Structures are given as C-alpha cells and as structure tokens.
Amino acid sequence: MPLTPWRLRLLIISLLTVSFLGALDHTVVATSLATIAGDLGAVQQMSWVIVSYTLASTVMLPVLGKLGDLLGARLIFLSSLVLFLVASLFCGFAQDITQLAIARIAQGIGSAGLHLMPQTIVGTVVAPRERPRVLSVIGAAFPVAILVGPLLGGVITDAWGWRWVFWINIPVGLIALALAVIAVPRVAGHRGRTFDVAGAIILGVSVTALVLAASWASSGGWTVTAPVVVAGLIALGALAVFIIVERRVSEPLVPLRHFADRTILICIVLSTVIGVGLFSVVSYVPTFIQMAYRTSVTVSGLVPIATVFGMLVSTLVTGALASRSGRYRPFPIIGTALAAAGLLVMAFLPPGLPLWVPMATMFVVGVGTGAFMNILVAVAQSAAPHGDTGSVTATVSLVRQVGSTTATAIVGGVIGAGVALGLPSDLDAATLTPAVVHASSAAVQTEVAALYSAVLAPIFIGLAIAYSIGIVAAVLLPHRRLSDHLELEPVPTVESAVV
C-alpha cells in the first residue's frame with residue numbers, strides 16, 4: 001500500500017536520524033583515537049579500534065542485506081539499531097583495548113545495518129521514481145557527518161572525556177528507535193527461502209583477508225612479507241570458492257544473476273569507482289595541502305570540507321531532478337566526467353597556489369561524485385526483483401567499501417614509499433610532520449612541497465583514470481525511466497550485461 005505524504009515524511013526523518021547516527025560514529029571516534037589509545041595504554045594497537053569496526057561492518061553488509069530480504073527489512077533495521085546502542089554502551093565501559101575492540105566489532109555489525117537498511121526500506125516501500133529524492137535526503141547524512149563529526153568528537157572528548165563519544169549515541173539512538181518503531185512500515189519478508197550460511201562464511205573470510213593483506217602491505221612500505229602473501233592467497237582462494245558455491249546454492253548470498261543484468265552490473269562498477277576514485281584519497285588530501293601549500297592543520301581541513309560540501313549539494317539537487325523526470329542516465333555521465341576532470345587538474349596544480357584553487361578543484365570532484373552516488377542505489381534496486389532489494393543494495397555498498405578500503409591502503413603505501421625515497425637527507429620519514437617541515441629552512445620547505453606534488457600527481461592521474469572508466473560504464477547504461485509504481489512481485493531481468 002502506498003505511503004501517505006505524512007507517513008513518508010515521518011519515515012524520511014526516522015531513516016535520516018538513524019543514518020546520521022551511524023555515519024557520525026565513523027568521524028567522531030577518529031578525532032578521539034589518540035586520546036583513547038593513550039588512556040588505555042595501547043598506542044601501538046590503536047588502529048584496531050578502527051580496523052575491528054570497519055571489518056565487521058564490511059563483512060556484514062551482504063549478510064544483513066540477505067537477512068533483510070528473508071526476514072523483512074524492518075526487523076533487521078530495528079535489531080541493528082538496538083545492537084549498535086548496546087555496543088556503544090559497552091565501548092564506553094571498556095577497560096582495555098581488547099574489550100574496546102570486541103565492543104567495536106558488535107558496533108560495526110550494528111552500523112552495517114544502520115547504513116544498509118534505510119536504503120533497503122526505501123527500495124521496499126517507495127516507488128522507483130521517488131527513490132532518488134528520498135535516498136538523496138537520507139544519503140545527505142554521510143557528508144554532514146563528515147563535516148561536523150571531527151569537531152563534535154573533539155568537543156565531546158575535551159568536555160566530558162572520550163567515553164562520552166560512545167555514550168552520546170544512546171540518547172540520540174533511543175529517540176531514533178522510537179521514531180523508527182512508529183514510522184517504518186511492516187513489510188513481510190520471504191521466510192520460505194533459505195539463508196546461504198556457507199556463502200556468508202566464505203565471503204567473510206575473503207573480504208577480511210583482502211583488507212588485512214592491503215593494510216599489512218601498505219604499513220610495511222609494500223615489502224612482500226609472508227603474512228601479506230598468505231592473506232592475499234586466502235582472499236583469492238576464498239573468492240574463487242565463493243563463486244563456485246554461489247553458482248550451486250538455490251538462494252545465494254550474492255545472487256550472481258545481478259552481474260548478468262547490464263543495469264545492475266554498471267551500477268556495481270560505478271559504485272566501485274566512487275570507492276577507489278574519491279574515498280581512497282580524501283583522507284590524505286589534508287596532509288598533501290599542509291606539505292605542498294605549507295598551511296596549518298586547521299586550514300588544510302578546508303579542502304576536504306569543500307569536497308564534502310560539493311557532494312552534499314550535488315546529491316540533493318540531482319536526487320530531486322532524477323525523481324522529477326524519472327531519467328537517471330545523464331547524472332552518472334556528467335558526474336564521472338566532472339570528477340575525472342577535477343582529479344586531473346589536481347595532478348597538475350603547481351605547489352604554492354592560493355588555497356582556494358585546490359578547494360575549488362576538489363569541490364568539483366565532490367559535485368561530480370555526489371551527482372550519482374545515491375542515484376546508483378535507486379537504479380540498481382529498480383532493476384532487481386523486489387525480493388532481492390536487500391541483497392542488491394548490499395552488493396552496491398559492499399563493492400564501494402571494499403574498493404575504498406583496499407585503495408586507501410594502496411594510496412597510503414605509495415605516498416609513504418615515495419616520500420621516503422625523495423626526502424632530503426636531513427629529514428627522517430618516520431618522524432616527518434608538518435610542524436617539522438614548517439620549522440625547516442625555506443629551501444627545505446620548497447623541496448618537500450615539490451616532493452609531495454610529485455608523489456601525489458600520478459596518484460591523482462590514476463584516480464582520474466578510474467573515473468574515466470566510470471564515464472565509459474555510465475554511457476553504457478540503458479536508456480530507461482524509473483517507474484511511477486511500486487512493483488511488489490519479482491520481475492524477470494530484461495537487460496543483458498553483454499553489449
């Protein structure tokens with residue numbers, strides 16, 4: 001039954017609140033990480049606070065997507081929110097890094113549901129043509145969280161202590177839970193279908209091994225060590241086994257028929273492009289600006305802020321336009337072209353230009369990415385059978401997150417190795433900070449600025465090439481229009497992936 005306008009508005013507010021809560025947790029904790037590690041006496045293990053959370057949320061995406069199809073998205077959504085709140089409580093009570101890492105695993109599982117289930121619910125109860133607009137509003141939670149999270153995390157840590165970084169989730173989450181219980185409609189799942197346990201375990205092993213291999217390789221300066229080789233082989237072997245299993249089970253965790261549909265396949269490719277092309281480099285841009293443009297830490301944050309602001313504006317505008325016309329194909333074509341052009345310009349910017357130049361350039365990259373980031377989800381959902389809404393949404397999110405995590409490790413390793421090789425002899429890469437560079441002579445500052453520009457230039461070019469691949473993929477999207485009606489019965493795939 002179609003939602004009334006009042007019920008739809010209440011649903012959007014509820015899903016937006018929960019999505020913001022999940023997105024905010026990523027950025028708030030990052031600001032307090034050094035304080036947390038120091039208080040628990042585990043500076044050398046502080047990365048596990050992030051890694052345990054990220055791995056758990058990544059691995060659980062396809063699992064929760066499939067469970068949403070089987071048991072109903074509402075049940076998984078509410079369960080994920082409750083788990084997230086309970087885990088947040090235990091995170092705040094952690095007495096050592098082990099307890100915190102375990103609680104963060106549970107919190108990461110809940111976070112996966114907070115990210116995935118709002119999109120799945122929209123795909124279940126909202127007509128395809130309205131989805132871009134609704135998903136863009138809900139998706140605005142991510143860039144807003146990036147903008148306010150670091151500041152909020154610092155304020156909370158300084159005022160109340162780092163434990164309140166986790167506990168602050170509870171009152172906000174309880175309000176969100178009350179809204180969700182009222183606003184999220186009950187939609188029956190497909191309980192007669194079975195869950196692919198073997199596929200879930202094998203895919204979890206593959207994703208975990210892949211992320212660990214990339215992380216170990218980058219942190220070790222891309223030295224080929226035994227753990228890296230073993231993890232890489234496990235990732236590849238488990239992926240091969242996973243494909244075999246998915247071809248044989250009656251209800252696969254990730255239905256391979258998605259990859260046979262041209263529309264869904266292109267959405268998966270474009271989602272991967274976003275993870276690789278933008279999310280992998282945005283965390284390194286402030287350091288690049290500090291070194292190449294000789295700015296303070298605070299000022300360097302203006303560049304990623306401009307990027308995220310571009311994403312925010314673009315995703316809201318294009319979501320509304322796509323819902324108004326029902327046409328979606330122009331947005332990924334224009335968006336990938338803008339992002340590729342922006343990254344290419346970044347590669348050739350000489351150091352020392354006014355800061356507004358890289359800010360404007362990365363703003364264009366953000367606008368290009370935001371132009372199709374949330375529209376992809378709506379398009380993929382409209383091309384999949386209604387009973388596969390959760391799994392197709394999870395697949396689009398999974399490839400973006402895996403691409404981002406892996407590419408981030410690769411980019412970080414390349415930057416670290418390149419800087420270490422080209423540094424002046426009187427500077428040590430292991431202790432290099434912006435403060436050290438800014439305290440050096442003008443000649444050394446100029447040399448370091450040129451070095452960072454030289455190291456980042458091929459990275460920006462490579463990411464521009466990734467977006468160029470996205471242009472080709474976007475052009476291959478079928479000329480279709482989003483339907484005005486909600487299709488409640490499974491529909492056959494009509495577009496072949498073979499061009």
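The protein contains 20 helices and zero strands. Its C-alpha trace spans about 70 × 50 × 45 Å along the principal axes. A compact globule of 499 residues would have a radius of gyration near 23 Å, and the protein, at 22 Å, agrees with that.

How far can you trust what you see? The average pLDDT of the protein is 86, and 92% of the residues score at least 70. Among the elements, helix H15 (residues 330-348) has the highest mean pLDDT, 96, while helix H13 (residues 297-300) has the lowest, 71. Over residues 489-499, pLDDT stays under 50, and the model has 22 contacts beyond four places in sequence for this stretch. Where pLDDT is low, the predicted coordinates should not be read in detail.

Now let us look at how some of the helices pack. Two packed helices are described by the angle between their axes and the distance between the axes. Begin with helix H11 (residues 262-279) and helix H18 (residues 389-422), whose axes come within 7 Å and cross at roughly 30°. That angle makes H11 roughly parallel to H18. Their crossing is right-handed. On the H11 side the contact includes Ile264, Ile268 and Phe279, and on the H18 side Val392, Arg400 and Thr408 are among the residues taking part. Sorted by class, this contact of H11 with H18 has nine nonpolar, seven polar and one charged residues.

Next, find helix H14 (residues 302-325), which takes part in both of the remaining pairs. With helix H16 (residues 356-370), the axes come within 7 Å and cross at roughly 35°. This crossing of H14 and H16 is right-handed. Residues making the contact include Leu302, Phe309 and Thr318 of H14, together with Pro358, Phe363 and Gly370 of H16. By class, the contact of H14 with H16 has 10 nonpolar, seven polar and no charged residues.

H14 also packs with helix H6 (residues 141-160), at an angle of about 155° and with the axes 9 Å apart. H6 and H14 are therefore roughly antiparallel to each other. H6 passes H14 in a left-handed crossing. Here Phe142, Pro143, Val144, Ile146 and Leu147 of H6 meet Ile305, Val308, Met311 and Leu312 of H14. The contact of H6 with H14 divides into nine nonpolar, no polar and no charged residues.

Key: Residues numbered from 1 in each chain as written. Predicted model: local features only at pLDDT ≥ 70, side-chain atom pairs only at ≥ 80, totals over all residues. Heavy atoms only, no water. Axes fitted to C-alpha atoms, helices over the stretch in contact; angles between N-to-C directions. Helix = DSSP H or I, 4+ residues; strand = E, 2+ residues; numbered from the N terminus. Parallel < 35°, antiparallel > 145°, perpendicular 65-115°, else oblique. Left-handed = near helix turned anticlockwise from the far one by under 90°. Contact = heavy atoms within 4.5 Å. Nonpolar A, V, L, I, M, F, W, Y, C, P; charged D, E, K, R; others polar. pLDDT = per-residue confidence, 0-100. Rg over C-alpha atoms; globule rule 2.2 N^0.38 Å.
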